[in-house]
Amino acid sequence: MSDIRIDAQFDSGNIEVLEVSGQRARLAIPKDHMSEFRQWFHFRVSGAKGRELELVITGLNDSAYPGGWPDYDACVSEDRHYWGRARSSFDKDTDGGALTIRYTPASDIAWFAYFAPYSMERHHDLVSEAAAAEGVDHRHLGTTLDGQPLDCLELGEGATQVWLYARQHPGESMAEWWMEGALEVLTDPADPVAMGLRKQCRFHIVPNCNPDGSRRGHLRTNAVGTNLNREWSEPSAEKSPEVLAIRNAMDETGVDFAMDVHGDEAIPVAFLAGFEGIPSWTDKQGDDFYRYQKILDRRTPDFQMEKGYTKSKPGSANLSMSTNQVAERFGACAMTLEMPFKDNPAAPEPAQGWSPERSKMLARDCLAALLEWLEG
């Protein structure tokens, strides 16, 4: 029986093949270029129709977030439209920490990824379709180090300046699925939530802050190994032109409300992180954030307030992170939305876990919560 074939030379592909024998393989995850981060994988397996695959990804105790592997099932697709989950198990005592993925494809090609990928081609489709909608303006914010465009979509006639931006960390692909859901709502002329928001707000939407890392198959960094969400204090054209371009554009418009969309490897629920600890903190600014958080918690069971990050102590906020910098710089109600790579144990969906579809639905709830928040 012939060996399977494993490939990763495509948009966002990332895997190292150590050994293949029949339908079994030992694999490893390469580091982001010029960086120590490694967690994202995306590869295809061919020649395995009807055969139970055993794919062992090794060395994961030294990955960026080892806590992301227990209770995690890898994403799998045979048509690259529907992404389900493949039965997976993690053993920290085997092969430096090994994730074993087992799956029997019904066809000759199956695709595996850390989360359902959002390709740069799909990104360009998303931007083009949204830019063609009535009332939407496209803005070229700048160019990345690999020469890719940094896209921004603007819409709405209101005075409230709203910035939505995603995928500073490219491996957190659920963030751009969220953006697709948000743009579908906001560009629908008949959607009542969109009508209310477009009347009150001017939206500035950056669906992908890190095109280079996305195309290269990085977890967390851009083309030169820079973690963009640690660059907001002093962005530079040499290390972080993406952040420099976005922050300069924010300086032009001002910011009243901002949401930075991410994914968390270990915490299996959706949650918000605020800006506690910024030097200019006021109770009014904080109350605005907590009120939005409570509205979103009431609107959807796919969001919760019990689990999340530890709040910074007064005066100790890291201003190199976007949410803290934007809250401090503009007096904005700023926040980081985190979505899980794993399934939500309070509302499990075994076939897909957390998925592109749930990411898009959460976007609608976030926008509906924003409308309610604006109406006080």
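Predicted model: local features only at pLDDT ≥ 70, side-chain atom pairs only at ≥ 80, totals over all residues.

My entries follow, on the sheet, the pockets and the cavity.

Entry 1: I looked up the strand order and found an open sheet of seven strands, E10-E11-E13-E12-E14-E16-E15, with mixed pairing. Which strands stand at the edges? They are E10 (137-143) and E15, and each has a single partner strand, so one side of each is left without a neighbour in the sheet. From one strand to the next, the twist averages 25°.

Entry 2: I then checked E11 (residues 149-155) against E13 (residues 201-206): the two pair in the antiparallel sense over three bridges. Glutamate 154 has histidine 204 in E13 as its bridge partner. Helix H5 (residues 241-253) lies across E10, E11, E12 (160-166) and E13, and it runs at about 135° to E10.

**Entry 3: the largest pocket.** I noted a volume of about 640 Å³ for the largest pocket. Its lining has 35 residues, and the closest to the centre are Phe271, Ala273, Tyr309, Met321 and Glu338. Which elements give two or more residues to this lining? I listed strands E14 (257-264), E15 (271-273) and E16 (333-340), with helices H6 (283-299) and H7 (322-330). By class, I noted eleven nonpolar, 15 polar and nine charged residues in the lining of the largest pocket.

**Entry 4: the second largest pocket.** Here the volume is about 400 Å³. Of the 17 lining residues, Arg80, Trp83, Pro117, Ser119 and Arg122 are the closest to the centre. Helices H1 (120-131), H2 (174-186) and H8 (356-374) are the elements that give two or more residues to the lining of this second largest pocket. H8 gives the most, with three residues. The classes in this lining are six nonpolar, four polar and seven charged.

**Entry 5: the cavity.** How many cavities of 30 Å³ or more are there? I got a count of one, and the space in the largest cavity is about 30 Å³. I wrote down its lining: Leu164, Trp178, Phe257, Met259, Tyr292, Cys366, Leu367 and Leu370. E14 and H8 are the elements that give two or more residues to the lining of the largest cavity, and H8 gives the most, with three. By class, that lining has eight nonpolar residues, with no polar and no charged ones.

Definitions and conventions. Residues numbered from 1 in each chain as written. Heavy atoms only, no water. 1 Å grid on protein atoms, 1.4 Å probe; cavity = no way out; pocket = protein on both sides within 12 Å on 5 of 7 lines; lining within 4 Å. Points joined across faces, edges and corners; volume = space filled by probe spheres on them. Helix = DSSP H or I, 4+ residues; strand = E, 2+ residues; numbered from the N terminus. Nonpolar A, V, L, I, M, F, W, Y, C, P; charged D, E, K, R; others polar. Pairing = 2+ DSSP bridges. Axes fitted to C-alpha atoms, helices over the stretch in contact; angles between N-to-C directions. Contact = heavy atoms within 4.5 Å.
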